[in-house]
Amino acid sequence: MMLSKAERKQYNRHLILDKIGETGQQKLKAAKVLVIGAGGLGCPILQYLTAAGVGTIGIIDNDTVDQSNLQRQILYTYDDIGKSKAATAAERLGKLNPFVKFNVYKEYLSKDNSIALFKEYDIIVDGSDNFATRYLTNDTAVLTNKPLVYGAIFKFEGQVSVFNYKNSGTYRCLYPTAPKPDSSPNCSEIGVLGVLPGIIGSLQANETIKIICELGEVLANKLLIYDTLTMNQMVLKFDKSDASNIKKLEDDYEFFCGIEKVKHEINLEELHQHKEKYNLLDVREIVEREEFNIGGMHIPLKELPLKIKELPTDKPLIVYCKIGDRSKRAIKFLENNNFKSSLINLKGGCFSR
């Protein structure tokens with residue numbers, strides 16, 4: 001992994017930096033890192049790992065750029081709306097550093113592809129935004145013996161840790177039991193400070209570089225909590241527990257995380273073909289509704305208990321949200337309250353393609 005003359009110029013500030021130098025930069029060039037998600041956390045992770053000269057970077061994300069992403073996902077521009085995040089990120093990052101190889105996976109991480117995918121990389125960096133993916137990522141990292149750099153954000157607060165590093169604790173040591181689906185809503189429901197994922201993602205990139213170059217103290221068996229409102233930071237220590245003894249992947253990570261299953265689903269294409277046969281209910285927030293909607297009644301999920309009697313029952317009711325999770329919770333609530341009409345979930349939400 002010798003460095004070319006052009007690479008030496010590109011990485012000059014690393015080469016003259018003690019504790020990195022030529023040896024460290026060669027380690028970065030030889031490294032293979034998989035980044036899960038090219039969203040709020042993924043953008044800064046990818047930018048700094050690319051700039052640092054990590055030789056091979058995998059990007060897995062099946063989502064497309066939405067206008068509401070631009071407040072925090074700074075790899076993208078207005079012109080990128082509707083385009084693949086993973087492909088757009090790779091294209092833009094290639095202009096930042098032509099010496100990095102990018103592998104693009106325009107798909108969701110699943111139990112069917114995670115094992116084979118993780119085996120191709122040295123380090124896994126989790127930029128996902130849901131518990132099902134976090135548990136899947138953790139379990140796969142343990143089974144493939146890969147260090148996992150974790151980050152999470154919530155409104156004004158973020159967390160960073162490193163799991164499964166040199167026999168350290170795992171995500172399940174901190175969270176052995178999955179929280180209830182409605183106990184920690186994502187940013188599309190409650191919002192997030194735009195700079196927060198930039199801070200947390202940068203810290204994740206920092207931990208990744210430390211692992212590759214064998215620098216400093218890695219956040220193994222430690223959880224860093226960062227509060228943007230007070231600028232307070234805490235580092236909590238935790239022990240490895242029996243919860244880290246993963247023998248196989250869960251059969252269904254959404255079920256493990258308590259995500260409701262629904263009896264009937266329809267995709268957006270099928271809905272458009274037979275829209276007159278259904279009533280529609282949008283359970284997103286008002287700002288999401290005003291940005292884009294496909295019609296029907298609008299009752300935010302949190303207001304549904306107070307307005308259930310307003311819903312029409314003359315046709316089957318299709319419930320929709322952005323990606324299909326809140327709509328499942330709405331359907332479960334309506335079923336539990338003996339709603340008189342057939343209930344159908346819009347699979348993948350109103351932005352699905």
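Student: How many bridges join strand β4 to strand β5, and do they run parallel or antiparallel?
Tutor: Three bridges join β4 (residues 123–126) to β5 (residues 148–154), and the two strands run parallel. Strands here are DSSP runs of E of at least two residues, and helices are runs of H or I of at least four, numbered from the N terminus. Two strands pair if DSSP finds at least two bridges between them. This is a predicted model, in which local features need pLDDT of at least 70, side-chain atom pairs count only at pLDDT 80 or more, and totals for chains, interfaces and linings use all residues. Residues are numbered from 1 along each chain as its sequence is written, and side-chain values use heavy atoms, with hydrogens and water left out.

Student: Which residue in β5 stands opposite Val-125?
Tutor: That residue is Val-149.

Student: What is the strand order of the open sheet?
Tutor: The eight strands have the order β3-β2-β1-β4-β5-β6-β7-β8, with mixed pairing. Because β3 (101–105) and β8 (233–237) stand at the edges with a single partner strand each, one side of each has no neighbour in the sheet.

Student: Which strands does helix α7 touch?
Tutor: Helix α7 (residues 131–144) packs on the sheet and touches β1 (32–36), β4 and β5; contact means heavy atoms within 4.5 Å.

Student: Now the core: which residues touch the most other members?
Tutor: In the largest nonpolar core, of 44 residues, they are Leu-46, Leu-49, Ile-57 and Ile-59. Such a core is a set of buried (under 20% relative accessible area, 1.4 Å probe, protein chains only) Ala, Val, Leu, Ile, Met, Phe, Trp, Tyr and Cys residues joined through side-chain atoms within 4.5 Å.

Student: Which element gives the largest share?
Tutor: Helix α10 does, with seven residues.

Terms used
Axes are lines fitted to C-alpha atoms, for helices over the stretch in contact, and angles run from 0 to 180 degrees between N-to-C directions. Buried means under 20% relative accessible area, exposed over 50%, partly exposed in between (1.4 Å probe, protein chains only).
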